[in-house]
Amino acid sequence: MRIGVITGGGDCPGLNAVIRAIIRKGEAVYGHTLIGYKNGWKGVVERNSYEMTIAGTRGLLHRGGTILGTSRLSPTQVQDGAQKVKATMKADNVDALITIGGEGTLSGATAMSELGINIVGVPKTIDNDINATDITFGFHTAVQIATDAIDRLHTTAESHDRVMVVEVMGRHAGWIAAYSGIAGGADGILVPEKPFDIDVVCEQIKQRHSRGVKFSIIVVAEGASPIEGTLKPMEYEVDEYGHQRLGGIGYQVAREIESRTGFETRETSLGHILRGGTPTAYDRVLATRFGIAAIDAVHNQNYGQMVAISGTQVHTVPLQDATRELKTLDDELLGVAEVFFG
Ligand code: F6P
């Protein structure tokens with residue numbers, strides 16, 4: 001078989017480990033030929049590809065980013081997108097595609113699969129918001145980086161009697177904020193799933209400081225927003241794919257805390273630092289298992305599926321189940337975090 005591979009959406013630690021696993025088992029065990037498409041769906045639509053071999057892709061396991069490049073383009077946004085995908089696959093003699101991506105890339109994969117294209121998806125996002133899988137690779141790395149940063153910010157918070165606001169990624173779901181906040185001992189965590197009341201946040205900080213603790217750490221997910229009518233909503237630019245460029249809510253929250261409480265407050269936005277660099281050991285293993293499961297699924301012509309993990313078991317689920325809705329934070333986790341607020 002000839003199998004195409006694409007990586008789409010934001011880059012993510014572990015993408016190269018998935019690619020490596022697909023090539024290793026695809027070439028060495030099954031004898032398939034692997035074709036890499038450059039820059040996500042864009043490379044399929046524009047027929048920009050090259051052959052990937054074990055010999056030509058050594059040293060990938062620990063490397064961050066993606067050797068294939070990425071974009072947020074979906075074939076559904078392109079005129080005659082599905083025809084272009086089919087034409088490229090025909091021209092390259094490619095039997096099936098493995099699409100490694102988040103919500104946008106996998107929604108494109110679901111649409112193409114429904115039009116009869118042979119596809120297997122691999123879930124990827126540091127945000128951990130893909131449905132039908134317990135976890136996505138990249139999330140563990142992002143949480144570890146955020147926790148390390150919170151630990152470091154504690155030093156300054158404590159030494160200077162300051163409130164430190166830390167903004168982390170998390171567009172629709174606050175998984176990174178909740179995990180890193182719990183791990184880093186945050187005194188407040190603001191997430192997209194639960195609009196916040198700035199007065200309540202300030203009250204909790206004041207209560208804490210009235211007990212003699214003179215510093216606080218507040219973790220804010222970039223997608224967090226105030227309860228309607230309580231604060232001016234943020235305005236965001238939109239990129240060429242209609243994707244909002246988030247960022248800045250942490251700064252707004254910090255300014256409000258300082259002016260409402262009188263406590264000196266500083267803000268740090270971790271942004272793309274959370275997505276960069278080498279994956280943790282956990283993410284390398286998960287990415288490797290997902291890559292192996294994806295090439296197995298294609299070899300067995302088990303198309304229209306996404307690889308996933310439930311408990312410790314890697315398996316496949318229908319692509320539609322994965323992209324129907326996002327996996328948002330459960331109340332139990334927020335409940336655990338809230339015990340430590342204020
Ligand atoms: O991939 C998901 C994500 O990390 C979101 O948390 C974030 O909002 C987005 O990517 C940022 O994307 P970009 O790098 O394209 O601005």
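Residues are numbered from 1 along each chain as its sequence is written. Because the model is predicted, local features need pLDDT of at least 70 and side-chain atom pairs count only at pLDDT 80 or more, while totals for chains, interfaces and linings use all residues.

**Exercise 1.** Describe how domain 1 and domain 2 meet.

Start with the bounds, which come from an automatic or database domain assignment: domain 1 covers 2–138 + 279–323, and domain 2 covers 141–276. Their centres, taken over C-alpha atoms, are separated by 33 Å, and the contact (heavy atoms within 4.5 Å) takes 18 residues from domain 1 and 16 residues from domain 2.

Next, take the buried area, that is, the accessible area (1.4 Å probe) that two parts lose on being put together, summed over both. It is about 1,300 Å², with 53% given by carbon and sulfur atoms; in domain 1, R72, I126 and D127 lose the most area to domain 2, together 41% of what that side buries.

Finally, look for a salt bridge (a side-chain nitrogen of Lys or Arg within 4 Å of a carboxyl oxygen of Asp or Glu): the interface has 1.

**Exercise 2.** Find the surroundings of V122.

Among the residues with the most contacts inside the largest nonpolar core, which has 65 residues, is V122; such a core is a set of buried (under 20% relative accessible area, 1.4 Å probe, protein chains only) Ala, Val, Leu, Ile, Met, Phe, Trp, Tyr and Cys residues joined through side-chain atoms within 4.5 Å. Beyond four places in sequence, the contacts of V122 include I98, I100, F137 and F290.

Terms used: Heavy atoms only, no water. Buried < 20%, exposed > 50% of the residue type's maximum accessible area, 1.4 Å probe, protein only.
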